[in-house]
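Here's a quick briefing to read with the model open beside you.

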Amino acid sequence: MIPSNGKKQGLPSPHVLSNLPESVIDEILMRLPLRDAVRTSILSKKWRYNWCRLPQLKLDQTLWKTVEDLISPTIGFTNVLSHLLTLHTGPITKFTLDIPDLKPSPNIHHLIYFLSRYDIQHFVLKPPLGDQYKLPSSFFTCLQLRHLTLHRCLIRPPPLFKGFDRLISLELIEVTISSKLVGSLISHCPLLEHLVLEHDEISDHIEFSAPKLRSFFFTGDINFLHLKNVPLLSKVSYKPIAFFLEAECDLAKIFESIPALENLCWNQDYIEEEDVGQAEVIPTRLPSALNCLKRLCLSCVILGEFVVLSFALCLIRSSPNLEEIEIEVCVLRDEIYYEPVPRDAVDEIPASFSNMTFNHLRTVKIYNVAGTEAEMQLIKVLLAKSPALIRMLIKPRRMEDRKSLKVLAEITNFPRASSKAQVVYNVD
């Protein structure tokens, strides 16, 4: 390209890259995969060891994987790790080790010991699949940690370990740790704001206090969970692998300890024959309304199951200040349910909302609508009880065109409390 003055622009001087400020070079290198960052060492003598001072590093299998795969992955990892431990200088604030497919499993104790000496602040560890990786004692000396993510690890801290008192984010995915210990670990992180627990094998109660906690994502047996002191917790995502109610108060206990709850996502893709009969202990609404709740997301809900429908309606009726509702309906192919929704329960849906108005509800999204009577009654109620509604998105499940048009025609004729309410029926 020739500029407007008619003169050709020359190529940049070969010294331009060498004369860049170190802060600019570091910023460039941190935006590259580590393998490419190391390759910049050929640009000039000044660039030869720039990658060695990177404060943020990620080791994954792209570093040693070749087209021919002539090198054993474990040997390749060992070589990369050896160069890193030998050549790196300066602080390391963030380190990610992501090697789920590496076999046989390499010895990464030396790496963790190395990081413990560099006051690591952000650590992500995803060791090879298979046996749980037992964290070495050096890991528990990383007391500057602020962000920690562990996958498939065996956590057994030494007796004198007091916790990570600077940690603000903790994610424990498929780890092996006792319920008592995980509760103690969380409670000894006084600054913790974000917590993820994916712990399918919980067999005892977990109780913890987290006064700064703001977001919590949990997968496991919710009956064993007890949030003791979480006054700021506003965003919660639950994916229960077991959920059994013996009395009305059991459901209330789940939410009464979360007074600041604003955003709730509930993934109810787990239902068993033992759940039959629980609908009877689910109240019309919770004893204490979820007055702070603004967004409710119900995912994989089987509205054809009486207990699931009762639970979903209870949450909606208990949340008068909702601004957004999102529901992903799950319909069984054979439509054989453990406890189908009784006809009288469907007929009672409108009456159960008779004294309610959703004055703040502006957006509703419902996916995989099959046109069942329960779904249609819920849609009808939300349109009739939401004077501020702007948009309702309905995405039907795959069905015959004739049935789909019938569902659309019925929804279109439902009365609407809001003159601005737009119903979008998306068949894509």
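Are Phe140 and Phe161 buried or exposed? Both Phe140 and Phe161 are buried, where buried means under 20% relative accessible area, exposed over 50% and partly exposed in between, using a 1.4 Å probe and protein chains only.

Before going further, some ground rules. This is a predicted model, where local features need pLDDT of at least 70, side-chain atom pairs count only at pLDDT 80 or more, and totals for chains, interfaces and linings use all residues. Residues are numbered from 1 along each chain as its sequence is written, and side-chain values use heavy atoms, with hydrogens and water left out.

**Aromatic rings**

- The structure holds 14 aromatic pairs; rings of Phe, Tyr and Trp (its six-membered ring) pair if their centres lie within 6.5 Å, and planes under 30 degrees apart count as stacked, over 60 as edge-to-face and the rest as tilted.
- One of these pairs is Phe140 with Phe161, an edge-to-face pair at 5.2 Å centre to centre with 65° between the planes.
- Phe140 sits in the loop between strand E4 (133-134) and strand E5 (147-151), and Phe161 in the loop between strand E6 (153-154) and E7, so this pair ties together parts that are 21 residues apart in sequence. Strands here are DSSP runs (E, at least two residues), helices are DSSP runs of H or I with at least four, and numbering goes from the N terminus.
- Phe218 and Tyr238 have ring centres 6.3 Å apart and planes at 90°, so they too count as edge-to-face.
- That pair links distant parts of the chain, with Phe218 in strand E10 (residues 215-221) and Tyr238 in strand E12 (residues 235-242), 20 residues apart. Phe218 and Tyr238 are both buried.
- Phe218 and Tyr238 also belong to one aromatic cluster with Phe208, Phe216, Phe255, Trp266 and Phe311.
- Arg317 lies over the face of Phe353, 5.3 Å from the ring centre; the rule is NZ of Lys or CZ of Arg within 6 Å of the ring centre and within 35 degrees of the ring normal.

**Cavities**

- There are three cavities of 30 Å³ or more. A cavity is a set of points on a 1 Å grid over the protein atoms alone where a 1.4 Å probe fits but cannot get out.
- The second largest cavity has a volume of about 60 Å³, taken as the space filled by probe spheres set on the points, with grid points joined across faces, edges and corners.
- Phe140 and Phe161 turn up again in its lining, alongside others including Leu148, Leu150, Leu181 and Leu185. Lining residues have an atom within 4 Å of a point.
- E5 and H5 are the elements that give two or more residues to that lining.
- The lining divides into 12 nonpolar residues, no polar and no charged; Ala, Val, Leu, Ile, Met, Phe, Trp, Tyr, Cys and Pro count as nonpolar, Asp, Glu, Lys and Arg as charged, and the others, Gly among them, as polar.

- Most residues other than glycine have a negative phi.
- Glu174 has a positive phi of about 55° although it is not a glycine. Glu174 is in the loop between strand E7 (169-173) and helix H5 (179-187), and is partly exposed at 47% relative accessible area.
- Asn368 has a positive phi too, near 65°. Asn368 lies in strand E16 (residues 363-369) and is partly exposed at 31%.

**Around Gln377**

- Gln377 is in helix H10 (residues 373-384) and is buried, with a relative accessible area of 18%.
- Leaving aside neighbours within four places in sequence, Gln377 is in contact (heavy atoms within 4.5 Å) with Val346, Ile349 and Pro350.
- The C-alpha atoms of Gln377 and Ile349 are separated by 6.7 Å, though the two are 28 residues apart along the chain.

Key. 1 Å grid on protein atoms, 1.4 Å probe; cavity = no way out; pocket = protein on both sides within 12 Å on 5 of 7 lines; lining within 4 Å.
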